[in-house]
Amino acid sequence: TDADRHPWLRQLAELIDRRMTVGPPTVLACSAPKAAYRQRLRGGHAGVRFVWLDVPESELARRLAQRRRHPVGPSLLASQVDTFEPPAGAVRIDGTGRVPDLVQAIRQRVGT
C-alpha cells in the first residue's frame, strides 16, 4: 500500500537529496509505479532523471516466479501493473535485454 511504501520512499528521497547536493552522481534502481512516488523521489531536484524499463507483464511474471525470498511475489504483480502510471518525460528502454545491454542503452540515452 502507499502507507507501506512511505518509509521506503522517504529513505530513498533522502538519499537522492544527499547525492544531488554533495554527490557522488548515483544511479538508483527501484520500483516507483505511481507519478506521486516519482515526484516524492525527485524532491526539488530538476536534474533527477527517470528511466522506464518497459517489460511485458508475461516476462515480469516469469522473472518473479524465478525469485526466491523476494517481498514482491508473483501474486502482487497484477496490482502493480494495475497501478502503474507511465512516467512522463522518462527515458523509455526495452527492459527485456541482458543487463549489460540495458546499461549501455541507458548510458547512450541519458548521456553518461
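Phe 84 is partly exposed in this predicted model, with a relative accessibility of 32%. That value falls in the partly exposed class because buried means under 20% and exposed means over 50%. Phe 84 sits in the loop between helix H4 (77-83) and strand S2 (91-94).

What does its ring pair with? Trp 52 is the partner, and the two rings form an aromatic pair. A pair of aromatic rings is described by the distance of the centres and the angle of the planes. Here the centres are 5.2 Å apart.

Now take the Trp 52 side. Trp 52 has a relative accessible area of 16%, so it is buried. Arg 92 lies over the face of Trp 52. The distance to the ring centre is 4.1 Å.

A separate site involves Leu 28. This residue is in the loop between helix H1 (2-22) and helix H2 (35-42). Leu 28 has 35% relative accessibility, so it counts as partly exposed. Which residues does Leu 28 touch, leaving aside neighbours within four places in sequence? The contacts are Leu 12, Leu 15 and Ile 16. Leu 15 is 13 residues from Leu 28 along the chain. Their C-alpha atoms are separated by 9.4 Å.

Key: Residues numbered from 1 in each chain as written. Predicted model: local features only at pLDDT ≥ 70, side-chain atom pairs only at ≥ 80, totals over all residues. Heavy atoms only, no water. Phe/Tyr/Trp six-rings, centres within 6.5 Å; stacked < 30°, edge-to-face > 60°. Helix = DSSP H or I, 4+ residues; strand = E, 2+ residues; numbered from the N terminus. Buried < 20%, exposed > 50% of the residue type's maximum accessible area, 1.4 Å probe, protein only. Lys NZ or Arg CZ within 6 Å of the ring centre and 35° of its normal. Contact = heavy atoms within 4.5 Å.
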